[in-house]
Structures are given as structure tokens and as C-alpha cells.
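Here are my notes on the model, as numbered points. Please read them with the structure open beside you.

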Amino acid sequence: MSIHLTFTGCIAGTDVAQSVCTFSVSTGWGKGMAGSRLFIGLVAVCGWGLAHAQGAVQQIEAHQHLGVASCASGVCHGATQPFKDSNVWQNEYSVWSDSDPHAKAYQTLLSNDSKRIARNLGLPNAATAKICLDCHSDNVPAAQRGEKFLITDGVGCEACHGGSEEWISSHTDRSVAHADNVAKGMYPTSDPVARAQLCLSCHMGTSDRMITHKIMGAGHPRLAFELDTFTWLNPHYEIDEDYVSRKGEFNGARAWAIGQGVAARNLLDVLTNDKAGSHGIFPELVLFDCHACHRVMSGKRWGPRPGTGLGPGVVRLNDANLVMFRHVLALVDPAASDRLAGQIRALHQATTNSRSATNQAANELKRSIDASLQTVAAYNFSEASLGTILGSIQRDADRGEFRDFAAAEQAAMAAQSVIVAFDTAGQLDEDRAKRLTGLVDRLYATVEQEDNYQMSNFTGALRNLTASAR
Ligand code: HEC
Ligand code: HEC
Ligand code: HEC
Ligand code: HEC
């Protein structure tokens with residue numbers, strides 16, 4: 001894994017209003033970096049009936065995309081240095097084009113690796129194949145492309161911020177509220193649910209846009225995503241006082257928590273989709289734990305995972321996000337967490353039974369997740385949350401639940417996200433922050449090489465971390 005961050009100073013937590021219906025006001029803990037003591041979180045709920053990543057794609061495509069060049073002028077977002085007296089940096093284009101992998105996503109399709117993937121799949125050219133362009137560029141339909149639009153710009157501004165046709169002029173007017181721009185098609189990136197759906201539409205895939213096992217088999221890298229970690233890898237934004245006043249506070253622990261719920265929901269959507277979820281007599285293998293199949297036969301490493309109730313020789317669903325969301329709920333709503341544990345186990349059992357039993361179990365889980373996302377979004381994560389979440393993960397580790405690499409990898413990202421979130425919110429003193437960061441690094445080291453993953457190393461490193469975090 002290459003996604004390790006050492007944190008210098010971004011912040012945690014937030015939300016915004018999605019245009020139509022908003023609810024819920026939450027008061028914040030904390031002395032965030034901006035020093036504010038109170039924040040208002042407006043969270044969209046009505047859209048959650050369709051809490052799937054494909055919905056994000058539809059929103060992004062709803063208006064014409066004018067092209068990166070339309071955002072890149074020196075007085076707009078193309079400055080070379082951040083502006084002093086502006087709400088936003090205004091050098092976002094430079095940051096994006098110099099250091100953001102999204103700017104190179106189209107170029108990637110011209111690489112030798114891509115040529116090999118395309119050849120293996122029988123595609124004439126990766127750079128013209130819809131399946132590749134959907135995630136490696138801003139592949140909106142021809143009618144939605146303005147004059148300056150270039151497919152070669154890769155994952156450009158409007159691939160995340162939405163087609164700017166109707167808001168390009170209003171969004172520079174300070175008297176126009178963010179919510180008004182959102183109503184005109186600007187994507188609500190600051191809402192954690194909406195953001196998770198957006199990122200996951202490419203970083204996990206949807207039933208219409210998938211990295212299938214076939215594409216992996218052709219040589220595509222495995223996708224691993226965690227919302228908070230990835231949000232801060234190449235940012236062209238920061239959370240300052242001005243941001244908080246416009247959009248509300250940001251909380252990294254909450255972003256992590258919501259990201260897990262939305263990813264789990266998305267997994268279930270693909271699993272239950274007739275077209276994407278199965279092929280011939282096989283289910284879509286990408287939804288399963290890779291190492292259930294890809295392992296050396298002489299290893300004799302099998303052992304029970306109580307959370308699944310499955311015996312030896314069974315291919316397990318990759319339940320990493322479901323498991324993490326259960327740990328979120330262990331903090332936010334313990335009764336719901338216990339219910340979820342039962343439902344996850346029932347889903348694993350159902351996969352050994354039939355497709356219809358699997359769909360039924362998955363649909364029950366979807367309902368539980370949808371009901372809980374609202375509670376999670378309104379929850380005030382405090383320092384005590386840190387111990388509770390890590391404690392819950394630790395209890396799983398003690399029971400041998402982290403036999404599967406993917407869950408261990410998510411747990412490492414979880415530990416990092418919650419610790420960084422509290423650190424940046426000023427809730428850990430310097431020594432403690434330093435000690436914990438060192439222990440997170442050691443935990444990461446145990447999931448660095450997935451082919452050599454050893455549960456005992458992971459469990460040991462986690463134990464040291466949780467003991468220190470208490
Ligand atoms: C339209 C598809 C798309 C969307 C939407 C998208 N990404 Fe990406 N992202 C990609 C692709 C493709 C790459 C790989 C680019 C390359 O190397 O060619 C990538 C790479 C990244 C990387 C670098 C990963 C690494 O291993 O270094 C980060 C971080 C990232 N994305 C974060 C995000 C976040 C956060 C969001 C949501 C706010 C998001 N992405 C939304 C397609 C997308
Ligand atoms: C569901 C979205 C999705 C689809 C479809 C997709 N990719 Fe990707 N691809 C990604 C993301 C996201 C990454 C970055 C992974 C990371 O670093 O976390 C990536 C990474 C890659 C990389 C590695 C880039 C690097 O910098 O190492 C190559 C090569 C690649 N993709 C080629 C392709 C080709 C060729 C196709 C079409 C057959 C394709 N991709 C289809 C999302 C997608
Ligand atoms: C991979 C997705 C992605 C891409 C591509 C992208 N952005 Fe962003 N952008 C985000 C996210 C996520 C945020 C954080 C937004 C928030 O919290 O409201 C953000 C924030 C911003 C902000 C600050 C907003 C604020 O209220 O402080 C500006 C300005 C911005 N982006 C402009 C651009 C421009 C210009 C481009 C193209 C050069 C671009 N972005 C490309 C995802 C993206
Ligand atoms: C149900 C078992 C199963 C699961 C689960 C599974 N695979 Fe596979 N995988 C296979 C089989 C079978 C092949 C084909 C081997 C062959 O062609 O000889 C394969 C081939 C591959 C290949 C090509 C290997 C090569 O030598 O070229 C890659 C890469 C791959 N899988 C990655 C993954 C990833 C990543 C995951 C998890 C997201 C995964 N697989 C999950 C069974 C599985």
C-alpha cells in the first residue's frame with residue numbers, strides 16, 4: 001500500500017446542504033484549528049433512499065461540462081500562488097495539474113500497463129474504451145461537452161464539482177450562498193455522504209462502471225479506498241475559519257465513518273445487481289476476499305472467523321467496509337452494531353445457500369445501513385470516541401477476525417484517520433500525538449505487503465496502539 005500519510009495539519013469534519021431537503025443541526029465539540037466552538041451540520045437525508053454511488057454519476061452528468069480551461073485562468077483558479085484575500089486558494093488548477101494524480105488519469109491510459117490491460121481484454125485502445133474513460137477521465141456524453149472540454153484533461157474539475165454550465169458565473173459572487181450554486185448543479189463535495197458516493201463511483205465502482213475481476217485479471221491494480229485518508233492525499237483546499245463559516249466544520253473521524261457506511265452500501269448494491277453481481281454460474285469475484293483464492297496452497301493458514309460463521313474452503317465476501325461500519329456503530333449506536341453483526345453473519349451464511357437468500361440478506365443490511373447513516377452524520381465525535389472505536393476493533397482482533405487482509409488494511413486506515421482527526425482538532429497533546437503516530441506507522445507496516453500479510457503481526461501492532469490510546 002502506498003497511501004500512508006504523515007499529517008501536518010488538515011482538519012477534520014463537516015457537511016452541507018444538498019439542495020432539496022436538509023435536516024439536523026448538530027453542535028460540535030472542539031476547538032478545531034479554526035478555533036470555533038460550535039458548528040452547524042446540515043446533512044441531506046432525503047437522498048439517502050438512493051444512497052448509491054451511481055446517483056453521484058447522474059448528478060455530475062446533469063449539466064454541461066465547460067472544460068478545465070474554463071476554470072484555469074489566472075484570475076480564477078489558475079494562479080501560481082494562493083491568493084491572500086480570497087475564500088479559496090485560486091491556484092487549484094496549478095495544484096491539480098502539478099501534483100494531483102487525477103490530472104494524469106487520462107495519460108495513464110496511454111501507458112504500457114494500460115496497453116497490456118487493453119490487449120488482455122481484447123480492447124483495441126484503452127484511451128478510447130468507454131470502460132476505461134469512465135473512471136480515467138470526465139467521460140460525460142458528447143452533448144454535455146462544452147467548447148473548451150477536452151477528454152485528455154483526465155479527471156478534471158467538473159468530474160468532481162459537477163457540470164458548471166449554470167453556476168460558473170454565480171459561484172464567483174460572494175453574495176451567492178453555496179447552497180444556491182449546489183441547486184444549479186455544483187456537486188455538494190463538502191457533504192460527507194455525497195462526497196463518499198462521488199469518490200466511490202470511481203474508487204470502488206458501481207454496477208454501471210465496475211472494475212470487475214476480469215479487468216483485475218487483465219492486470220488492473222486492486223482498488224483500496226478510505227474517504228478521509230484519500231481526501232487529504234493531494235488536497236487543493238483547506239479547512240480554515242472562512243471554510244467553516246461557509247460550509248460548517250469538517251470532522252475526519254466522521255468522514256471515515258460515513259465513508260465506511262457508503263462503501264458497504266455500494267458493495268451490497270453491486271452484489272444484488274443481476275447484471276453486475278454475477279456472471280454465469282459465478283458471482284462477481286471482485287466482491288470477494290482476494291486472498292480467499294489467491295494464496296499459496298502449502299500455507300495451511302486457515303482458521304475460523306467467528307464473524308462469518310463459515311467453515312474452511314469457502315470463498316468469503318470482502319466484508320471489510322461492513323465490518324468497519326459495525327465498529328462505527330459500536331460507538332454511535334451499540335444496539336444497531338450488534339444487529340449489524342448478526343446481519344453480516346447472516347449474509348455470509350446466505351452466500352453458501354443461494355442467490356435469492358443472498359439478495360434478501362443483503363437487502364436487510366442495506367436498510368440497516370441507510371437507517372444508521374443519519375445517526376452517524378449527526379454524531380459528535382469526541383476524544384472518548386477514539387478509545388471506543390479502537391477498543392471495538394481490538395476485540396475483533398482478539399477473536400481472530402483479521403485473518404483477511406482487506407479488513408486489516410481498512411482497520412489500519414481507520415486507526416490513522418481517527419487519530420489524525422483528534423490530533424488536528426487539538427485534542428491530543430504533542431507527546432501523545434507523536435507516540436500514537438509512531439504506533440500507527442508500525443501498524444501500517446504490517447499491511448504494506450499484502451502477499452505476506454500475517455495476522456499475528458497485525459494484531460500485535462494493533463494491541464500496542466490501543467493500549468497507548470487509552
Ligand atoms: C471520475 C473518476 C474519479 C473520481 C470521481 C475520483 N477519482 Fe480519485 N482517482 C481516479 C483515478 C482514475 C485515479 C488514478 C489516476 C492515475 O494514476 O492514473 C485516482 C487517484 C486518486 C488518488 C491517488 C491514489 C494513490 O494511490 O496515490 C487519490 C488520493 C484520489 N484519487 C482521491 C479521490 C477522492 C478523495 C475523490 C472524491 C473526492 C476521488 N478521488 C474521486 C478517479 C477518480
Ligand atoms: C471503476 C473505475 C475504474 C475503471 C473502470 C478503470 N480504472 Fe484504472 N484506476 C482506477 C483507479 C481509482 C485507479 C487508482 C488506484 C489507486 O491508486 O488507488 C486506477 C489505476 C489504474 C492504473 C495504474 C495507474 C498507476 O499510476 O499506477 C492503470 C494502468 C489503469 N488504472 C488502467 C485502466 C484501464 C486500461 C482501464 C480500462 C480497461 C481502467 N483502468 C479502468 C479506476 C478505474
Ligand atoms: C477528484 C475530485 C476533484 C477534482 C478533480 C477537483 N476537485 Fe476541487 N475539490 C474537491 C473536494 C472533495 C473539495 C473539498 C470540498 C469541500 O469540502 O467543500 C474541493 C475543493 C475545491 C475548492 C475549495 C472549495 C471551498 O469551498 O473552499 C475549489 C476552489 C476547488 N475545489 C476547485 C477545483 C478546480 C478549479 C479543479 C480543477 C482544476 C478541481 N477543484 C478539481 C474535489 C475535486
Ligand atoms: C473465487 C476465487 C477468486 C477470488 C475471490 C479472486 N480471484 Fe483473482 N483469480 C482467480 C482465478 C481462478 C484466476 C484465473 C487464473 C488463471 O487465469 O489462470 C484469477 C486471476 C487473477 C489475476 C491474474 C493473475 C495472473 O497471473 O495474471 C489477478 C491479478 C487477480 N485474479 C486479482 C484478484 C483480486 C485483486 C481479487 C480481489 C479483489 C481477486 N483476484 C479475487 C480466482 C479468484
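1. The second largest cavity has a volume of about 70 Å³. This is a predicted model, so the volume, like every other value in this note, is computed. The residues that line this cavity are Gly67, Val68, Asp138, Phe149, Leu150, Asp153, Gly154, Gly156, Cys157 and Glu158. Sorted by class, the lining holds 4 nonpolar, 3 polar and 3 charged residues.

2. How many cavities of 30 Å³ or more does a search of the whole structure find? The search finds 6. In the largest cavity there is about 470 Å³ of space. Its lining consists of 31 residues, and Met204, Leu223, Val286, Asn318 and Asn321 are the ones that lie nearest the centre.

3. Several helices contribute to the lining of the largest cavity: α8 (192-203), α12 (252-272), α14, α15 and α19 (405-424) supply at least two residues each. By class, the lining of the largest cavity is made up of 19 nonpolar, 7 polar and 5 charged residues.

4. Pockets are a separate topic. For the second largest pocket, the volume is about 530 Å³. The lining of this pocket has 27 residues, with His291, Arg295, Arg301, Trp302 and Arg403 lying nearest its centre. The classes here are 9 nonpolar, 8 polar and 10 charged residues.

5. Next, the metal sites. Which residues are the protein donors of the iron atom of ligand 2? They are His136 and His220, each through its NE2 atom, and they lie 2.0 to 2.1 Å from the iron. The iron atom of ligand 2 has 6 donor atoms, with angles of 84 to 178 degrees among them, and the site is octahedral. The two histidines come from distant parts of the chain, 84 residues apart: His136 is in helix α5 (residues 130-136), while His220 is in the loop between α9 and α10 (227-231). Both His136 and His220 are buried.

6. The iron atom of ligand 4 is coordinated by NE2 of His213 and NE2 of His294, at 1.9 to 2.0 Å. Why is this arrangement called octahedral? Because the 6 donor atoms around the iron atom of ligand 4 subtend angles of 87 to 179 degrees. For comparison, the ideal angles for six octahedral donors are 90 or 180 degrees.

7. Is His213 buried or partly exposed? His213 counts as partly exposed because its relative accessibility is 32%. His294 has a relative accessibility of 51%, so this residue counts as exposed.

8. Finally, the cysteines. A search of the whole structure finds 0 disulfides. Cys71 is in no disulfide, and the nearest cysteine sulfur, that of Cys157, is 3.8 Å away. Cys157 is also among the residues that line the second largest cavity. Cys71 is buried, because its relative accessible area is 12%.

9. Cys76 has a relative accessibility of 30%, so Cys76 counts as partly exposed.

How values were computed
Residues numbered from 1 in each chain as written. Chains lettered and ligands numbered in written order. Predicted model: local features only at pLDDT ≥ 70, side-chain atom pairs only at ≥ 80, totals over all residues. Heavy atoms only, no water. Donors = N, O, S within 2.8 Å, 3.2 Å for Na, K, Ca; no water. Tetrahedral: all angles 85-135°; square planar, octahedral: opposite > 155°, others 65-115°. Buried < 20%, exposed > 50% of the residue type's maximum accessible area, 1.4 Å probe, protein only. 1 Å grid on protein atoms, 1.4 Å probe; cavity = no way out; pocket = protein on both sides within 12 Å on 5 of 7 lines; lining within 4 Å. Points joined across faces, edges and corners; volume = space filled by probe spheres on them. Helix = DSSP H or I, 4+ residues; strand = E, 2+ residues; numbered from the N terminus. Nonpolar A, V, L, I, M, F, W, Y, C, P; charged D, E, K, R; others polar. Disulfide = S-S within 2.5 Å.
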